[in-house]
Amino acid sequence: MSQKKLRWGVLGCAGIAKRAVIPGIQQSQTGEVAAIASRNEDNARKTAEQFQIPTAYGSYEALLNDETLDAIYIPLPNHLHKEWTIKAAQAGKHVLCEKPIALDATEAAEMVAACEQAGVKLVEAFMHRHHPRYAMIKEIIQSGEIGEIRGLHGVFTFNSSKNTGNVRFNQEMGGGSLYDVGVYPISTARMVLGQEPEAATVHAFFSPDHDNVDMMASGILEFPNSVALTFDCGMWAAGRNVFEILGTEGRIEVPSAYVTRGNADDHFIVTVGGQRREVEVPYVNQYALQADDLGRSILDGTPLRYESSDAVLNMRVIDACLKSARERARVVL
């Protein structure tokens, strides 16, 4: 692998950036965080000091004009993803953009096209897909140990309903539980099956106290071969983040499917013939692995695990889920 390190710039001081992604990049083998920007320069300076980032900018434009930077991480509110991804691409920067990559599949396709035209790479930030446990799970499925897959079930819920100023509760900013956490079980099902769903049926609770965003949604995605994902997601419910794969001969349960804790909570359970075993997984930083996937692709030409086209396909499913929830109808993709 190249000895050069990718120089990252971070566009904004969002919680996810400070809590997970900046430390992840700093722990990666291929990257370093060289600059951070905020529209409030004081915030940028404080965050830069906290994480020992060399340069702080008081505007996003100033960061994109920094010719020493190779890649940009965008943790901005959802409605700003398209604008700043395209601006980053036009500035010649590769982009890691937070999920959901856009407000709809049309926006996502425009972002992909802009990055392709600029000759830069675009990746949607689904960190959990880079954890080795999912490769281990897919190997078990392919071995036939749990038989044929009959169904999938995924949930991701938390309760932040009292924080009414949160951007997740703003429709124009792309708020709602499907955008925020529903994307996880949906992307996981697509990854596990290696297929795209054919139809979506979703019921949601649109809260008038939270700008009528979907604070809870439950649904079913119909995949080929009569397999379905049942899922629920919510921002006003007790916390869960679980994924289950049901086969004809056994099942696989991932108790902490999207969040890793660096302890036994990260392991998964395989049950076959009444025999239950816990499969131990490596304790790794999945955010660092996410950064390295893009880093190796840029530095050495290693193929990305998930191309930008995957983000467009995932948004097509989210579009269908939102349409179904609003119209109370089954939507064919």
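Helices (H or I, at least four residues) and strands (E, at least two) are DSSP runs, numbered from the N terminus. The model is predicted: local features need pLDDT of at least 70, side-chain atom pairs count only at pLDDT 80 or more, and totals for chains, interfaces and linings use all residues. Residues are numbered from 1 along each chain as its sequence is written, and side-chain values use heavy atoms, with hydrogens and water left out.

Helix H7 spans residues 177–193. Its 17 residues reach 23 Å from the first C-alpha to the last. This is close to the expected 24 Å at 1.5 Å a residue, where the expected span is 1.5 Å times one less than the number of residues. H7 carries a kink of about 45° at Val 183, shortly before the proline Pro 185. The bend at a residue is the angle between axes fitted to the seven residues ending there and the seven starting there. Of the 17 residues of H7, 17 are buried, so the helix is largely enclosed by the rest of the structure. Buried denotes under 20% relative accessible area, exposed over 50%, and partly exposed in between (1.4 Å probe, protein chains only). Gly 194 follows H7 and has a positive phi, near 65°.

Strand E8 (residues 199–207) pairs with two strands. With strand E9 (residues 213–223), E8 runs antiparallel, joined by nine bridges. Two strands pair if DSSP finds at least two bridges between them. Thr 201 has Ile 220 in E9 as its bridge partner. E8 and E9 form a hairpin, with five residues between them. In the turn, Asp 211 has a positive phi of about 60°. E8 also pairs with strand E15 (residues 331–332), in the antiparallel sense and over two bridges. Here Ala 199 stands opposite Val 332 of E15.

The peptide bond from Lys 99 to Pro 100 is cis, with omega near -15°. Pro 100 lies in the loop between strand E5 (94–98) and helix H5 (105–118). Asn 225 is not a glycine, yet has a positive phi of about 65°. Asn 225 sits in the loop between E9 and strand E10 (227–234). Its relative accessibility is 65%, so Asn 225 counts as exposed. Arg 328, also not a glycine, has a positive phi of about 55°. The loop that holds Arg 328 runs between helix H9 (308–327) and E15. At 63% relative accessibility, Arg 328 counts as exposed.
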